[in-house]
Amino acid sequence: MTTLVAPRPLAAAAPARSGWRPVRRAAVPVGLVAAWALVSAAGWAPAAVLPGPAAVVAAAAEIAGSGMLGTYLQASLLRIAAGVGVGAGAGLVLGLLAGVSTLGEELVDSTLQILRAVPFLAMIPLFIAWFGIDEPFKVAVIAFAVVVPMYTYTFLAVRAIDAKVLEAARCFDVTGARLVAGVVLPQALPGILMAVRVCLAVAVTALVAAENVGTREGIGYLVAMAREYNRVDHLFVCLVLYALLGVAFDALVRVAEAALLPWRPRVAR
């Protein structure tokens, strides 16, 4: 005779293990830094090629002491904010338009698919001709890089909404802007937040390309100066800054997900 076993309460078990999540997430990066420090301390790579973590921290302190670090980081963040605001905003509107309307899809989707096939790096010479090499150029590069990912994820999120939910809303005379704001956006929010996460990662890549042209402020300018004076430790500082930007943006989106989607269960515990 089979003995039935009471199911384990997942809700009670989850908090006990959730405290280890930050440790698990940090394990691999900490291990990579430790390996980097070991290789540097053992002298397996020359310091001119691979400076150790201590040398990179000292270089960061040197840059910060000169006052450049805060100013240049602020300049890069403002470019990302402007570019993502323009590009992701346009992608969100176009994705909603194509997702809720067949006519909108016919008008928008083919053009966005054409743009998707054009690398944003290929647009840099054209943007220089259009905007020069000042701030509008840099914002345009970042905006172009993020508009297609934002559109694609938003369009897929809207099309994944259960048609019965939309039919029920229309039965209560919820149409037009009320339908988009009250039904479509809340239902598509998980996909939209994923789109924001992807757009922020792409924006950092586009920032690297944009700041390599005619820049006098920003992390890209620090890269150019480090390359000119052959300061490999300064180059590593810039790489760490780019990595920290990506981590910070991902953390911000995770906080937004926890606040806006408290009802969504976690798949992995």
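Me: Of the contacts in the chain with a separation of 6 or more, what percentage comes from residues 24 or more positions apart?
Reply: That share is 74%. Keep in mind that this is a predicted model.

Me: How many helices and strands are there?
Reply: The chain has 11 helices and zero strands. Along the sequence the pattern reads α-α-α-α-α-α-α-α-α-α-α.

Me: What's the radius of gyration of the chain, against a compact globule of 269 residues?
Reply: The chain comes out at 23 Å. A compact globule of 269 residues would be near 18 Å. Along its principal axes, the C-alpha trace spans about 70 × 70 × 30 Å.

Me: And how much of the chain counts as buried?
Reply: 35% of the 269 residues.

Me: Switching to packing. At what angle do α4 and α9 pack?
Reply: About 140 degrees, with the axes 9 Å apart. That makes α4 oblique to α9. Helix α4 covers residues 68-100 and α9 covers residues 176-210.

Me: Is that crossing left-handed or right-handed?
Reply: The crossing of α4 and α9 is right-handed.

Me: Which residues meet there?
Reply: From α4, Ser 76, Arg 79, Ile 80, Val 84, Leu 92, Leu 96 and Val 100. They meet Val 180, Val 184, Leu 185, Ile 192, Leu 200, Ala 203, Val 204 and Leu 207 in α9. By type, the α4 and α9 contact has 13 nonpolar residues, one polar and one charged.

Me: What about α4 and α5, how do their axes cross?
Reply: At roughly 130 degrees, and the axes come within 6 Å. Again, that makes α4 oblique to α5. This crossing is left-handed.

Me: Who makes the contact?
Reply: On the α4 side, Leu 94, Leu 97, Ala 98 and Val 100. On the α5 side, Thr 102, Gly 104, Glu 105, Val 108 and Leu 112. The α4 and α5 contact divides into six nonpolar residues, two polar and one charged.

Me: New topic: α10. Which residues are buried there?
Reply: Ile 219, Gly 220, Tyr 221, Leu 222, Val 223 and Ala 226. The helix runs over residues 219-228.

Me: What do those buried residues pack against?
Reply: Helices α3, α4 and α11. Helix α3 is 53-65 and α11 is 232-260.

Definitions and conventions. Residues numbered from 1 in each chain as written. Predicted model: local features only at pLDDT ≥ 70, side-chain atom pairs only at ≥ 80, totals over all residues. Heavy atoms only, no water. Axes fitted to C-alpha atoms, helices over the stretch in contact; angles between N-to-C directions. Helix = DSSP H or I, 4+ residues; strand = E, 2+ residues; numbered from the N terminus. Parallel < 35°, antiparallel > 145°, perpendicular 65-115°, else oblique. Left-handed = near helix turned anticlockwise from the far one by under 90°. Contact = heavy atoms within 4.5 Å. Nonpolar A, V, L, I, M, F, W, Y, C, P; charged D, E, K, R; others polar. Buried < 20%, exposed > 50% of the residue type's maximum accessible area, 1.4 Å probe, protein only. Rg over C-alpha atoms; globule rule 2.2 N^0.38 Å.
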